[in-house]
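Please keep the sequence and the model at hand while reading.

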Amino acid sequence: MEEKIYYKSTRGGQNGISASEAILKGIAEDGGLFVPSRIPKIDLKLKDLASMNYRELAYYILSKFLVDFTEEELKYCVNNAYDNKFDTEEIAPVVKVGDSYFLELFHGPTLAFKDMALSILPYLLTTSAKKQGLEKEIVILTATSGDTGKAALEGFTNIPGIKIIVFYPQEGVSEIQKMQMITHKGKNTHVVGIKGNFDDAQSGVKKIFRDEEFLKTLEENNYVFSSANSINIGRLVPQVVYYFYVYLKLYSKGEITDGEGLNVVVPTGNFGNILAAYYAKEMGLPINKLICASNDNKVLYDFISTGVYDKGREFFTTISPSMDILISSNLERLLYVLSGEDSKIVKDLMDNLDSKGSYKINDVMRNNLKDFFGGYAFEEETKKAISDLYNKDKYIMDTHTAVAYSVNERYVKASGDNTKAVVVSTASPYKFTYAVMNSIDNKYADYNDFQLVNEMSSLLNKEEPAAIKDINKREVVHKTVCNKEDMKKAVQEYLNF
Ligand SMILES: *Cc1c(COP(=O)(O)O)cnc(C)c1O
């Protein structure tokens, strides 16, 4: 018998934690992230998995990681998450455009791939709370670069025993993303704009999580914090599923043969999505290269090419705002694997990042990084990718997907690697209408985001998604804005203590 999977902190401070406890806590007490004691292997042949639908596959993959959940509990979570709130029975369809494959992860209620994990997290979390006998009210504290916020609000609204607070960078999200959040209704929700960027919001949230005195006051008021950010292992694991799904779909359609290598190209910010692809590979899925695509904030490209991670650099606000990130939190989980699960090394690197703003990995770790390729696309390249593909195939990519598409084109040219590749499509173009439509034609320069929803819908000859229909006409219900230093105060005021 193989040893049962438990969870531990990447920094060594906690060990022997059950999956439900790790999901509930969100982040380890020593500031590290929870990781499984080993990455489980699949015990069925790909051929046998190929007949499963999305829910069946999700149950199979999740049961490998979340071993303290019963079959009944997990099926309850999976079946409530992946239902008709997605606009297609396939949940994560793969689309062939020319010679390219796109894995469309934006068919959920908020039109971005965050729905893939955030539609199930509330169920995993409330089930975990029940399993752990928790009686306090859970407060979800979340920083968003634009898409997590709305997806978390959607997932947690009106779930008994939960309140949710979302911090977003006031000037760093698209108009449509902002409207999606500040018009969100739900008694247990609170949305706060901060004067700062995503990294400020994320650091602020992490700081609150580690503020012992504040946590004590919180407890006394019968609350406990948890996180909906991708630092929560309950968000990472559901993302492994769609990598299996796309591979199996391509296999079933005869596009690839059993065991054939497949490259995945992932537009990356906090490193959660691409880490899930890496976990899928470690589980036994024949992924060849993991292509990590960045925008102008190319800290990950530099890291993969040099082994040095340096956040001390200029921050750019781009047309792919969900990737405007200089501190990719989930990279810590990869460092843990690359170091041969050495939490002392990880802790040292993270201490360096805190104190000096940078760190350098050793040669062994660098060598272990060779499955990854890092690339980036500047704004003009991203726009050109959108217009080229539209003109060639009448397919409209969003700006994040276009970063990945552009990086892959350059990678293929430079490397000559002719392995088939899947571009992970992380958002609907309807979330970023201004940047997308103006990439296609600059005659749209004087239109606003909302007018361009209609224009895009006529280009595509399809009605706009219900999720954003008339969004500019909805009532703004969340008007709070605060300085980045005052996030704690904002929490306190909302919780009323
Ligand atoms: C969050 C997000 C990303 C980045 O994903 P990570 O898991 O943070 O790397 C890319 N594209 C879109 C549209 C997103 O919302």
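Which helices each supply at least two residues of the lining of the largest pocket? They are helix 9 (198–209), helix 14 (331–338), helix 15 (343–356) and helix 21 (487–495), where helices (H or I, at least four residues) and strands (E, at least two) are DSSP runs numbered from the N terminus. The model is predicted, and local features need pLDDT of at least 70, side-chain atom pairs count only at pLDDT 80 or more, and totals for chains, interfaces and linings use all residues. Residues are numbered from 1 along each chain as its sequence is written, and side-chain values use heavy atoms, with hydrogens and water left out.

On a 1 Å grid over the protein atoms alone, a pocket is an open set of points with protein on both sides within 12 Å along at least five of seven lines, a cavity is a set where a 1.4 Å probe fits but cannot get out, and lining residues have an atom within 4 Å of a point. The largest pocket has a volume of about 710 Å³, and among its 29 lining residues Gln-202, Ser-203, Gly-204, Lys-206 and Lys-207 are the closest to its centre. Helix 9 gives the largest share of this lining, 8 residues.

The search of the whole structure also finds 3 cavities of 30 Å³ or more, and the largest cavity has a volume of about 280 Å³. Its lining takes two or more residues from each of helix 7 (147–156), helix 11 (233–252), strand 9 (262–267) and helix 12 (272–283), with helix 12 giving the largest share, 3 residues. Of the 27 lining residues, Phe-113, Lys-114, Gly-269, Asn-270 and Ser-322 lie nearest the centre of the largest cavity.

Helix 7 is largely enclosed by the rest of the structure, because 9 of its 10 residues are buried, that is, under 20% relative accessible area with a 1.4 Å probe and protein chains only. Asp-147 is one of these buried residues.

The ligand is surrounded by 15 residues (a heavy atom within 4 Å), and the closest are Lys-114, Asp-147, Gly-269, Asn-270 and Thr-426.

| Residue | Protein atom | Distance to a ligand oxygen atom |
|---|---|---|
| Asp-147 | side-chain N or O | 2.5 Å |
| Asn-270 | backbone N or O | 2.7 Å |
| Phe-271 | polar backbone atom | 3.0 Å |

Taken alone, the ligand exposes 380 Å², of which the protein buries 97%.

Notes
Grid points are joined across faces, edges and corners, and a volume is the space filled by probe spheres set on the points. Buried means under 20% relative accessible area, exposed over 50%, partly exposed in between (1.4 Å probe, protein chains only). A polar contact is a pair of N or O atoms within 3.5 Å; within protein, one must be able to donate a hydrogen and the other to accept it, and residues adjacent in sequence count only if both atoms are side-chain atoms. Accessible areas come from the Shrake-Rupley method with a 1.4 Å probe; for residues, only the protein chains shown count as cover.
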